[in-house]
Amino acid sequence: MPLTPLPHSAILRLPLPLLVCMLLTSSLAAATYYVSPTGLDTNNGAIDKPWLTPDKAVATAVAGDVVLFRGGTYPITKRIEPKKSGTAEKWITFAGYPGEKPLIDGTGYIPSNGQHDNGLFNIVGPGYLRFINMHVTMSHGMGFTVRGPSHHVELIECSSHETFAPGIGLWNCQYVKVMYCEITGATTNRMRLYGDFNQEAPHEAISSGGAKYFEIAYNHVHDCDKEGIDIKEVSAHGTVHHNYVHDMPRQGLYTDAWFGVLEDVEFRDNVVHNCEWGIGVSSEGSSASLRNVRIRNNLFYNNRGSGIFFSLWGGDGPRSQIVIANNTFYKNGSPTHWSGPTGSIDLRSVNVQDITVVNNLCVGGGAYEIATFDNPATNGLDQLTAKNVVIKYNLTETFKDDTNRTFLYGRNYALLGDNPITGTAGLTNPTRGSFYLTEPSRARIAGSPDPAYLINGQPADLGAFAFGLNNIPDAPSVLEPAYGSIWRIVQSTVPGRTYLRQQSSDLGTWTDAPAPEPANYLPDLFYFDTAGGEPIFFRYKITDLAQ
C-alpha cells in the first residue's frame with residue numbers, strides 16, 4: 001500500500017474496522033512476541049504470556065519477527081547480543097510497546113577491564129535489525145554499540161542515560177540509521193570501574209568511528225560530559241542533520257580524521273547551543289586527512305568558543321574541499337575565552353585547501369565574526385589565495401577585531417572576506433529562539449551569484465532561515481508503518497522554529513512535568529496499534545515558542 005499523505009484528523013475519522021483492515025494488509029511480520037518485567041522465559045511469548053528477559057527475545061526472533069517490550073525496568077547482568085539477521089524484505093524488530101518505556105538497566109553488569117567499547121545492546125555481526133523505543137541506563141560501557149560487519153541497523157526513538165562510553169557507538173559498520181534518539185549523561189567517569197579515575201572517559205555521546213553510509217538525524221543530545229556527535233576516524237558517505245545538541249562541555253558537533261581518510265560527510269540543519277564550540281573540524285591523527293565535508297544551514301548560538309573551529313589539535317593534519325554555507329551564528333565566542341579570542345567562524349589551521357565560506361550570517365561574535373590564519377597586514381592574504389580559501393558574501397553586523405590577545409591554539413586574524421555584507425541582520429527574536437529574517441534585513445537576497453547557491457534563479461537569503469520561512473505551512477501528515485501492527489502518523493514541522501516537547505499516552509491529556517529545553521525540528525508523532533480494540537495513541541506535542 002502506498003504511503004498516502006493524509007491530515008491526521010482525516011485518518012482519525014476513518015471507521016476502525018476499515019482502518020484496521022487497511023493497515024494490517026501491509027504487515028510483513030512473521031510473528032509478534034512480547035516481553036515483560038513480570039513475564040517468564042518458559043512462557044510462549046504471547047501478549048498474555050510474555051517472556052521475562054531480552055536474552056530470550058534475541059535468541060528466538062527470526063527474520064520478519066517483531067518483539068514488543070512492555071514498560072518497566074529490565075535489570076541485566078550481561079550484554080544483550082543479537083546473533084540472528086533479518087533480510088532486506090523482513091527485518092527483525094525489537095521495540096517498546098507504544099506509549100510504554102522499557103528500560104534496560106546495566107547497573108548489575110560489570111564488564112571485565114578493557115570492555116568499555118561494548119554496549120548493553122551489543123550488535124556485532126548481524127544485519128537488518130531495527131530497535132525502536134528501547135532505552136538503556138547505567139552502562140559501564142556504551143549504551144548501544146553497532147560494530148562491523150553489522151549492516152542495515154536502525155536505532156529509532158531510543159535513549160541512553162549515564163554511560164561510561166558513548167550512548168550510541170557506530171564502529172566500522174555500514175548502512176546504519178540513528179534517528180529520534182535522546183542521549184544524556186554519556187562519557188561520564190561516574191560510571192568508571194577501572195583505571196585512573198582522573199583520566200577522562202572515552203569517546204563522545206554519539207560516535208561514528210569508521211561507519212559508512214550512515215544517517216544520524218533528529219536526535220536530542222544534551223548534558224553529557226564531553227563532545228556531542230562525532231564523525232571520526234575513516235567514516236564516509238553520511239549525513240548528520242536536524243539534530244539538537246546543547247549544554248555540552250566540549251564541541252556540540254565534531255568531525256575528526258584518524259589513521260586514514262574521512263570523506264563525504266554533510267552536517268546540515270542542526271541546532272547547537274551552550275557548548276564549548278559549535279562544531280570542530282580536525283584531522284588529529286597522524287597520516288590522516290579529511291575531505292569533502294559540507295556544513296550548511298545549521299544554527300550555532302551562545303557557544304562559549306567559536307561557532308566553527310578549524311582546530312590545531314593532535315597532528316593538525318590536512319583538511320580539504322570543505323564548504324561552509326548558509327549557517328546562522330549568534331553570540332558565539334568571547335574575547336577572553338580560555339583558549340584565546342573566539343568568535344563566529346574560526347579558520348585557524350593553516351593545513352587546509354579548497355575551503356569555501358559563503359552566505360553565512362554572523363551576529364554578536366565575541367572577538368570577531370570571521371578569522372583566519374593569514375595576516376592581512378603583512379602579506380595581502382597571499383596564503384589564503386594559494387590555498388584557495390574563499391570567503392565571500394557573508395553578513396557581519398559590525399566588523400570587530402579583538403584578536404590581539406594571548407592564544408593557546410595559534411594566532412588568527414579577523415577578516416571580512418570578499419563582497420561582505422554589513423548592517424542589520426534583522427533576526428526575529430533570537431532570545432526566544434526565533435532566527436528568521438524580518439524587515440529590514442541586509443541579509444535579504446544578498447547571497448552569492450554563483451549558480452551553485454542561487455534559489456529560483458536569484459541570490460539566496462543569508463543564514464539558515466530565509467525571510468518568510470515562518471509563513472510556510474506545516475507539511476501534511478504521512479501514514480507509515482512502524483513495526484508489526486504498529487503504525488504511525490508523522491507530522492513534520494517547519495525548520496527554523498523553536499519548539500518544546502511534551503508527551504502523553506493519549507490525545508487528550510498532556511503531561512504536567514516540565515518540558516525539555518527548546519528544541520528545533522522535532523516531529524509530531526502519533527502511534528497506534530491495530531492488533532485489536534481501540535487504537536493506542538502516543539504523541540509528542542509540539543509547541544511553537546516563536547509565535
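Q: What is the source of the model, and how are residues numbered?
A: The model is predicted: local features need pLDDT of at least 70 and side-chain atom pairs count only at pLDDT 80 or more, whereas totals for chains, interfaces and linings use all residues. Residues are numbered from 1 along each chain as its sequence is written, and side-chain values use heavy atoms, with hydrogens and water left out.

Q: How do you know that β20 also pairs with strand β23?
A: There are 4 bridges between β20 and strand β23 (residues 271-275), in the parallel sense. Val245 has Val272 of β23 as its bridge partner.

Q: Why is strand β20 called mostly covered?
A: Buried means under 20% relative accessible area, exposed over 50%, and partly exposed in between (1.4 Å probe, protein chains only). In strand β20 (residues 244-248), 4 of the 5 residues are buried. Of the 547 residues of the protein chain, 57% count as buried.

Q: Why are β6 and β36 called edge strands?
A: An open sheet of 11 strands, with mixed pairing, has the order β6-β9-β12-β15-β18-β21-β24-β27-β30-β33-β36. Strands β6 (119-124) and β36 (413-414) each pair on one side only. Inside this order, β21 (residues 253-257) and β24 (residues 279-282) run parallel and are joined by 4 bridges. Asp256 has Ser282 in β24 as its bridge partner. The protein chain contains 5 helices and 46 strands.

Q: Why is Cys181 called buried?
A: The relative accessible area of Cys181 is 1%, so Cys181 is buried. Cys362 has 0% relative accessibility and therefore also counts as buried.

Q: What makes Pro102 buried, and which residues does Pro102 touch?
A: Pro102 has 0% relative accessibility and so counts as buried. Pro102 is found in strand β5 (residues 102-105). Contact means heavy atoms within 4.5 Å. Not counting residues up to four places away in sequence, Pro102 touches residues including Phe69, Tyr74, Met134 and His135. Pro102 and His135 are 33 residues apart in sequence, yet 6.2 Å apart in space, C-alpha to C-alpha.

Q: Why should residues 1-29 not be read in detail?
A: The pLDDT, which is the predictor's confidence in each residue from 0 to 100, stays under 50 over residues 1-29. Over residues 493-547 the pLDDT is below 50, although this stretch has 169 contacts in the model beyond near neighbours in sequence. Where pLDDT is low, the predicted coordinates should not be read in detail. For the protein chain the mean pLDDT is 84, and 80% of its residues reach 70 or more.

How values were computed. Two strands pair if DSSP finds at least two bridges between them. Helices (H or I, at least four residues) and strands (E, at least two) are DSSP runs, numbered from the N terminus.
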